[in-house]
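Let's sit down with this model and learn to read it together, one feature at a time.

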Amino acid sequence: MFDPDIAPSGTLLGLLQRGRGDGTLHALAAPRAEALAALNDSVLRDPRRDWQVENRSLYYARLYMQLDGGLEEIERHLFHPDDRTDTGEERTGLALAVLGHLAAYGRDAARLLLRSYAAVGSNWRWALDELALRDDDAGLMSLAPAVLARFPETEQGRADLATAVRDAFEPRPWRLWAEDPGYGPRLAAAGEQGSFDRWQRQLRPRGPRPGWSVTEVLRWAEQGLELESEEHRSLAAARCLAAVVGPDDRPELLRAARSGPDAARAAVLHHLAERGDPDVLDLIETAVTCPFSSEPLVSAGLAAFARMRSVAAVERARGWAPRTDRLGASAAAVLARRGTQRDAELVLAALRRTVREEGPDAAGLWELVDGTGRLGVACAAPVLRHIYRETSSSHLRGRAAAALAVTDPGFAAGFAVECLWDCEETTRELAARHAATGDDRVVEQLRRLAADPAEEAEVQTAVRSRFGPDASAV
C-alpha cells in the first residue's frame with residue numbers, strides 16, 4: 001500500500017514526507033529533537049513520488065525556521081563522499097532548494113553553504129541557480145574562479161562551457177561574470193557558440209522522413225523504432241497521415257488498423273480517433289482486448305480513446321466502464337472528464353475499485369478524483385478522505401482536497417484548516433478560500449501567508465479575498 005521509503009501516514013515522519021499541513025502542526029507540538037530528526041530525514045532522503053513537479057522545499061524551509069533548526073545535517077549530506085559518485089540531481093536537489101528558501105528568509109548560514117557547495121559540489125548548477133535568485137553581486141563574483149575552473153581551456157572544455165551558459169536556468173551569474181574583463185572574452189565566445197549550436201540543431205534533419213502517401217507513412221512508422229519510442233513514432237505518423245490521407249484512402253487505413261504491424265496500427269488508431277471515424281471504437285476495443293496485442297499497441301489504443309470527445313465515445317465508455325480491465329479503467333476516466341450526472345455511479349465504482357485493488361497512489365486515481373468533484377458525487381467523500389490521508393503524492397492529495405470541497409460539507413472546518421499549511425501552493429490557495437475562520441489558528445495563518453514574501457501570488461490573492469470589505473473572515 002505504501003512506497004517502502006514512505007512512513008505510515010499516522011506518524012510524524014509520514015506526515016512530513018507527504019508534505020501535509022498536519023505534519024507542520026504535529027512537528028511544532030512534538031519534542032523539538034524528534035521533530036528535527038523527522039524533518040532532516042525528509043529533506044535528506046527526498047520522499048516525493050515525482051521530485052520534478054511536487055513541492056516540498058518551501059514547506060520544509062518554513063519548518064526549519066519555526067523550529068530554529070540547524071543546518072549541520074544538510075551540510076554533512078551535501079559534502080558526503082557520495083556526492084562524487086552519485087551525481088544525480090535527485091540526491092541533493094531538495095536540500096539545495098530548502099537552503100535557497102532559507103537564504104531568502106535571511107539565514108546567512110544557508111547562503112554560505114550554497115556558495116561552498118556551488119564551488120565544489122557535483123550539483124553545482126542547482127546551487128548556483130539558487131544563489132542567482134538570492135545572493136548579491138559580490139557573492140556571485142566570488143564564485144566565478146571556482147565555477148569557470150571546471151571548464152579547462154581545451155576543445156571539450158570550451159564546448160562544455162558553451163552548453164552550461166546556454167542551458168543555465170538562471171542566467172544572472174553568467175551575465176555578471178561576462179561584464180568582468182577577466183572573464184568576459186571567454187564567456188562571450190561561449191555564448192556565441194551556444195547560440196550557434198542552437199541554430200544548428202534547428203536546421204539539422206532528425207532521422208528519416210516519410211514519403212507523401214499513406215503507404216509510405218505507415219511504412220515509415222515501422223522504421224527507426226530503435227531511435228525513439230514506438231509511442232512517439234506512432235503519434236508523429238498520425239500527424240503525417242492527417243496531411244496525406246484522401247477520401248479514397250479509408251479502406252487502406254481500416255486494413256492497417258485491423259491487421260497491420262503494431263506501429264502502423266497504432267498510428268492509424270490515433271488518426272481515426274482524431275477524426276471520429278465510425279469504426280474506430282470497434283477497432284480500439286479489438287486492439288486493446290486482444291490477448292496477442294503488444295503493450296505499445298494497447299497503450300496507443302487507450303490513448304487514442306482517451307483523446308476522443310464525441311458523443312459516441314462517451315456512450316461507448318458507459319458500456320465499457322463496468323469492465324475490470326484497462327479498457328474499463330480508461331472508460332471510467334473518460335466519464336470522469338466528460339460524463340454527466342447519470343455517470344456518477346460508474347465513476348464512483350471505478351474510484352472505489354481502484355483504491356481497493358491498487359491503493360491510494362494508483363496512477364488511475366487522478367482523473368477519477370477530479371471526476372467525483374466535477375460531478376459532485378457526495379457519497380464519494382469517505383474514499384476521498386482516505387486518499388487524502390494516505391497518498392504519498394502531494395498533487396493527488398490536492399486534487400482530493402478540491403473534490404472534498406465540493407462533496408464534503410465538513411471540509412471547511414476539517415481538512416481545509418490543515419491545508420493552509422500544505423506543501424502545494426494550489427492546495428493552500430484552495431484552503432485560503434474555504435477554511436472556516438472559527439479557529440484562531442486559521443486567521444493567524446491566513447495573515448502569515450499574506451505577509452510572507454515567499455508565498456505564491458495566487459495564495460495571497462485568495463487570502464486577501466477573505467479580508468476584503470465584504471469578506472467572510474472579517
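**Reading the model**

Q: Before we start, what kind of model is this, and which residues and atoms are used?

A: It is a predicted model, where local features need pLDDT of at least 70 and side-chain atom pairs count only at pLDDT 80 or more, while totals for chains, interfaces and linings use all residues. Residues are numbered from 1 along each chain as its sequence is written, and side-chain values use heavy atoms, with hydrogens and water left out.

Q: How many helices and strands does the protein have?

A: Helices (H or I, at least four residues) and strands (E, at least two) are DSSP runs, numbered from the N terminus. Here there are 30 helices and zero strands. The C-alpha trace spans about 70 × 65 × 45 Å along its principal axes.

Q: What share of the residues is buried?

A: Buried means under 20% relative accessible area, exposed over 50%, and partly exposed in between (1.4 Å probe, protein chains only). Of the 474 residues in the protein, 49% are buried.

Q: Which residues does Leu96 touch?

A: Contact means heavy atoms within 4.5 Å. Leaving out residues up to four places away in sequence, Leu96 touches Leu78, Leu114, Tyr117, Asn123, Trp126, Ala127 and Glu130. Leu96 sits in helix α7 (residues 89-104).

Q: Why does Leu96 count as buried?

A: Leu96 counts as buried because its relative accessible area is 0%.

Q: And over the protein, what share of contacts joins residues at least 24 apart?

A: Among contacts between residues at least 6 apart in sequence, the share is 64%.

Q: How many aromatic pairs are there in the whole structure?

A: Rings of Phe, Tyr and Trp (its six-membered ring) pair if their centres lie within 6.5 Å; planes under 30 degrees apart count as stacked, over 60 as edge-to-face and the rest as tilted. A search of the whole structure turns up eight such pairs. One of them is edge-to-face, formed by Trp124 and Phe151, with 6.0 Å centre to centre and 75 degrees between the planes. This pair links distant parts of the chain, 27 residues apart: Trp124 is in helix α9 (residues 124-134), and Phe151 is in the loop between α11 (144-148) and α12 (155-167). Both Trp124 and Phe151 are buried.

Phe305 and Trp320 also form an edge-to-face pair, at 5.0 Å centre to centre and 65 degrees between the planes. Here Phe305 in helix α20 (residues 295-306) is linked to Trp320 in helix α21 (residues 311-320), 15 residues apart. Phe305 is buried, at 0% relative accessibility, and Trp320 is buried at 4%.

Q: Which residues form one aromatic cluster?

A: Trp124, Phe151, Trp174 and Trp177 do.

Q: What span does α20 reach from its first C-alpha to its last?

A: The expected span of a helix is 1.5 Å times one less than its number of residues. With twelve residues, α20 reaches 16 Å, close to the 16 Å expected.

Q: Which residues of α20 are buried, and what covers them?

A: The buried ones are Leu297, Val298, Ala300, Gly301, Leu302, Ala304 and Phe305. Their cover includes α18 (262-274), α19 (280-289), α21 and α22 (326-338).

Q: Where is His270, and what does His270 touch?

A: His270 lies in helix α18. Among the residues that His270 touches, not counting those up to four places away in sequence, are Ala300 and Ala304. His270 counts as buried because its relative accessibility is 5%.
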